Amino acid sequence: MAEKFDLVIIGGGNAGYIPAIRASQLGMSVALIEKREGGYLGGTCLNVGCIPTKALLQTASMLHEFKNGEEFGIKTDGVEFDYPTTAKRRDQVVNQLRRGVAGLMKKNKVQVYNGVGSFVEPKKIKVALNDGGEEELEAEHVLISTGSAVNTLPGLEIDHEKVISSDDVVNENEHVPESVIVLGSGAVGVEFASMYRDFGAEVTVVEILDRIVPLEDPEISAELEKQFENRGIRVMTSTKADPESLDKSGDGVKIKVESEDGEETLEAEKLLVAIGRKTVIEDLNLDATKVETNDRGVIQVDEFYRTGEDSVYAAGDVIGGYWLAHAAGHEGIVAVEHMAGEDPLPIDQNLIPRVTFCRPEVASFGLSREQAEEQGYEVKESKFPFRAIGKALIEGEPNGFVKVVADAETDLILGMHAIGPHVTELIAEGVFAKLVEGTPQEIGMSVHAHPTLAEVIGESAMAVDGHAIHF
Ligand SMILES: Cc1cc2nc3c(=O)[nH]c(=O)nc-3n(C[C@H](O)[C@H](O)[C@H](O)COP(=O)(O)OP(=O)(O)OC[C@H]3O[C@@H](n4cnc5c(N)ncnc54)[C@H](O)[C@@H]3O)c2cc1C
């Protein structure tokens, strides 16, 4: 007989395991289905995304610091980079967190099934168990959180050897390529470009749009391009790669790219495809439900993450949006609170921080000046440089800036855009200020310890009305 649950969640990433905990706190009985081999929870983020990449980037950043040690009075001759040890440490971090998530499921009495979940009916889910056999589960509610997977261009097959994806980079245990072409300059592309450069590779970034990190403020794109080029990363924007020209006959790969300057054949040991991701819905048998998707396979939901089927919700990458782990987790929480009859507030998309962990880091939330003006706001904006912040000079990181965008009529914060040291951490203050409807003046009134990098947030906020002190 089918086991009954208040909630069955399909997919154990951030949009699955986090709401599972919240649902359990709300007194619901919860089943969580995850198909990953080994039954590991945490989804893309923990297994092949946020966590392993940032573990690798940590080594990249330390290597950079050691190599620049002489400026700080540290003789660093003989510093050696040992990639297999870096990879081992990456796996240790991942494994520790995997154990942590498994422990949280036990603590919260979430019943975990290792297998593929699919709909039989809107309230009946079949699990094809990984170790054979099948289970049927009945559910008052279902949350779909099946996430996303690597995507590629038509005609460009990922062979995991010469043409690789982010999954291949984070599963590599032995070898760092001597040269890499990175196709695509979104967060994933620029993070890996930055990492490979710090690891000593020749790196070329190819972007079809006219600027890298194209979803960020244009000045941030320009600054990142400048800093990448200073580091010896070749950046090619408004440049289109031709998958049909791919030539793998030699030691590495060759591919033709075309820009306004004409055609050129790029050559490298590996071609990393980082052009975006696609939703994972193929196993779900959505035809057994009224759940709707758009033409890109993105599940359509309302502001509480309800699909076209009343009892079925969806959250995370599978519903599109920012494709970020923290957004996925929050969406899932709102979904289960709503199905439990709580009264959650819909998530304001302008309060979701966007973070990119290349060197220099990039972080932002809310609207850029251009976007705010398009929406009819009268805008005031500041730009405060890190070089005027003592701690940035102490750390040897004087490049970059923070911009604050505010509504000239109400003084409310509309957005923040930052590039420079640790901005992925610093952005949290701006998000909180916006959440509580704070103004730039109030950020400025909150006393920032000295000398800290956080002073850049206070100064950039005060600069909105021309009251910055150190610039
Ligand atoms: C290289 C890389 C780096 C990233 N870095 C960051 C970062 O630094 N910060 C950040 O916020 N975001 C980052 N992201 C994005 C982040 O990983 C995703 O936004 C996040 O994982 C989405 O969570 P999710 O739960 O929606 O989906 P996923 O994490 O993809 O989880 C979905 C899970 O569902 C399972 N599944 C799918 N279909 C079924 C089925 N039918 N039955 C059972 N199980 C199923 C999958 O196996 C998977 O484990 C990164 C992504 C990549 C690729």
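Cys 358 is buried, with a relative accessible area of 2% (buried means under 20% relative accessible area, exposed over 50%, and partly exposed in between, with a 1.4 Å probe and protein chains only). The model is predicted, so local features need pLDDT of at least 70 and side-chain atom pairs count only at pLDDT 80 or more, while totals for chains, interfaces and linings use all residues. Residues are numbered from 1 along each chain as its sequence is written, and side-chain values use heavy atoms, leaving out hydrogens and water.

The closest cysteine sulfur to that of Cys 358 belongs to Cys 50 and is 15 Å away, too far for a bond. The structure holds one disulfide, defined as a pair of cysteine sulfur atoms within 2.5 Å. Cys 45 and Cys 50 form this link, with their sulfur atoms 2.3 Å apart. The link is left-handed, with -130° about the S-S bond. Cys 45 counts as buried at 16% relative accessibility. Cys 50 is partly exposed, at 25%.

Strands S11, S12 and S13 form an open antiparallel sheet, in that order. Strands are DSSP runs (E, at least two residues), numbered from the N terminus. Two strands pair if DSSP finds at least two bridges between them. S11 (240–247) and S13 (262–268) stand at the edges; each has a single partner strand, so one side of each is left without a neighbour in the sheet. The twist averages 30° from one strand to the next, with axes fitted as lines to C-alpha atoms and angles running from 0 to 180 degrees between N-to-C directions. S11 pairs with S12 (residues 253–259) over four bridges, in the antiparallel sense. Asp 247 stands opposite Lys 254 in S12.
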